[in-house]
Amino acid sequence: MSPAARRASVPTAPPAAPPVGSAVPSSALDLLHAAAGDGSSPPVLRAEGLALAYGARTVVAGVDLEIAPGRLTALVGANGSGKSTLLRGFARLLPPQAGRVTLDGVDVARIPSRRIARAIGVLPQSPIAPEGIRVAELVARGRYPHQGIFRGRRSDDDVIVAAALEATDAMQLVDRRVDELSGGQRQRVWIAMALAQQPRILLLDEPTSALDIAHQVEVLDVLRAEVARGMTVVLVIHDLTLAARYADDLVVMAEGAIIARGAPGEVLTGEVVQRAFGVEARVLEDPDTGRPVILPRSQPLP
Ligand SMILES: Nc1ncnc2c1ncn2[C@@H]1O[C@H](COP(=O)(O)OP(=O)(O)OP(=O)(O)O)[C@@H](O)[C@H]1O
């Protein structure tokens, strides 16, 4: 992705499955949720005959996909299969080569940027923070879409920022420079910024890729809790077992197209894993949740 596209995720100026569990203080999440507003159901994001390209090279083609509102959708697929590109298309960071993306039936290209920024939050794979910025300031930028000429920074913005930091276990990092954090700490801070934005729809590209197992579960629990409170979440994730455990809907991509979609238990068969990733896998059932557990087969160890 171009640096410009990545920076686009940093606001620059005031311009149904049950939760798996939650390690997050509910007060912080309740606060974040209260900030999201009116309690109406989230808008419907849909791709219609969508094709996306870099220059003349089409990398996503013929995608028809409605993101189920108020649910968690996981986008999985091999490296280069087009997941990030599709997410960029949904976030309006990449204009369609063909087809369109709609929000409640309206082409997103026709919706004012500020409205899009309030409705759709996006966290790219490798976002770039402004040089030298500290954590508190970066996360506070999540509030920019809610501010403006007639509505500057308010005290409830600070409370929401604090709640987002608490929810991502990043409160102890507030005074640190973002460029001096570890990869996992930085990822949690970016997720805090996305949560502080309180969009109706949150798109996250591999939000757990740099996290240790405890923080992976913690972040996914936070996202599940947001979904339970009405947010629509779409995330790209490589860990199929975690995807199956947390997602309501799984979308499997291969070579720029969707090859399977549905409930994790229906979608994640050995055949689909073979088709998408070219590996043999055994699909077991988690005795606790009934969700699939994916065990790739490998050569026996010597
Ligand atoms: N900025 C870009 N310019 C040109 N081609 C790109 C660009 N970004 C991605 N591509 C190409 O588009 C195709 C799809 O890439 P994309 O990043 O969407 O895949 P992905 O499924 O997200 O992969 P990964 O799992 O590795 O993140 C790849 O062939 C990739 O090389």
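Modeller: Let us begin with aspartate 205, which is buried, with 23 other C-beta atoms within 10 Å. A residue counts as buried if 20 or more other C-beta atoms lie within 10 Å of its own, as exposed if 12 or fewer do, and as partly exposed in between, with C-beta atoms placed from the backbone. This is a predicted model, in which local features need pLDDT of at least 70 and side-chain atom pairs count only at pLDDT 80 or more, while totals for chains, interfaces and linings use all residues. Residues are numbered from 1 along each chain as its sequence is written.

Biologist: Where does aspartate 205 lie?

Modeller: Aspartate 205 belongs to strand S7, residues 201-205. Helices (H or I, at least four residues) and strands (E, at least two) are DSSP runs, numbered from the N terminus.

Biologist: Which residues is aspartate 205 in contact with, leaving aside its neighbours within four places in sequence?

Modeller: They are Ser84, Leu87, Leu123, Pro124, Gln125 and Val236. Contact here requires that the C-beta atoms of two residues, placed from the backbone, lie within 7 Å.

Biologist: And the rest of S7, buried or exposed?

Modeller: Five of the five residues of S7 are buried, so the strand is largely enclosed by the rest of the structure. Ile201, Leu203 and Asp205 are buried on one side, and Leu202 and Leu204 on the other, which leaves both faces of S7 covered. In a regular strand the side chains alternate between the two faces of the sheet.

Biologist: What is the strand order of the open sheet of six strands?

Modeller: The order is S6-S7-S8-S3-S9-S10, with mixed pairing. Its edge strands, each pairing on one side only, are S6 (120-123) and S10. On average, neighbouring strands of this sheet are turned by 15 degrees against each other, direction ignored. Helix H8 (residues 213-228) packs on the sheet, touching S3 and strand S8 (232-236), and its direction makes about 150 degrees with that of S8. Axes are lines fitted to C-alpha atoms, for helices over the stretch in contact, and angles run from 0 to 180 degrees between N-to-C directions.

Biologist: Which residue in S9 is the bridge partner of alanine 74?

Modeller: That is leucine 250; S3 and S9 run parallel and are joined by five bridges.

Biologist: Turning to backbone angles, what is phi in glutamate 206?

Modeller: Glutamate 206 has a positive phi of about 50 degrees although it is not a glycine. This glutamate sits in the loop between S7 and H8 and is buried, with 20 other C-beta atoms within 10 Å. Glutamate 255, in the loop between S9 and S10, also has a positive phi, near 50 degrees. Glutamate 255 is partly exposed, with 14 other C-beta atoms within 10 Å.

Biologist: Which residues of helix H11 are buried?

Modeller: In H11 (residues 270-277), these are Val272, Val273, Ala276 and Phe277. They cover an arc of only 100 degrees around the axis, which puts them on the same side of H11; the arc is that of the directions from the helix axis to the C-beta atoms. The face turned away from that side carries the exposed residues Glu271 and Gln274. After H11 comes glycine 278, with a positive phi near 70 degrees.

Biologist: What about the ligand: which residues come nearest?

Modeller: Of the 12 residues around the ligand, Tyr54, Asn79, Lys83, Ser84 and Thr85 come nearest. A residue is near a molecule or strand if its C-beta atom, placed from the backbone, lies within 6 Å of it. Helix H3 (residues 83-90) gives the most to this shell, with three residues.

Biologist: And where does H3 lie?

Modeller: H3 lies across S1, S2 and S4, running at about 120 degrees to S1. An open sheet of four strands has the order S2-S1-S4-S5, with antiparallel pairing.

Terms used:
Two strands pair if DSSP finds at least two bridges between them.
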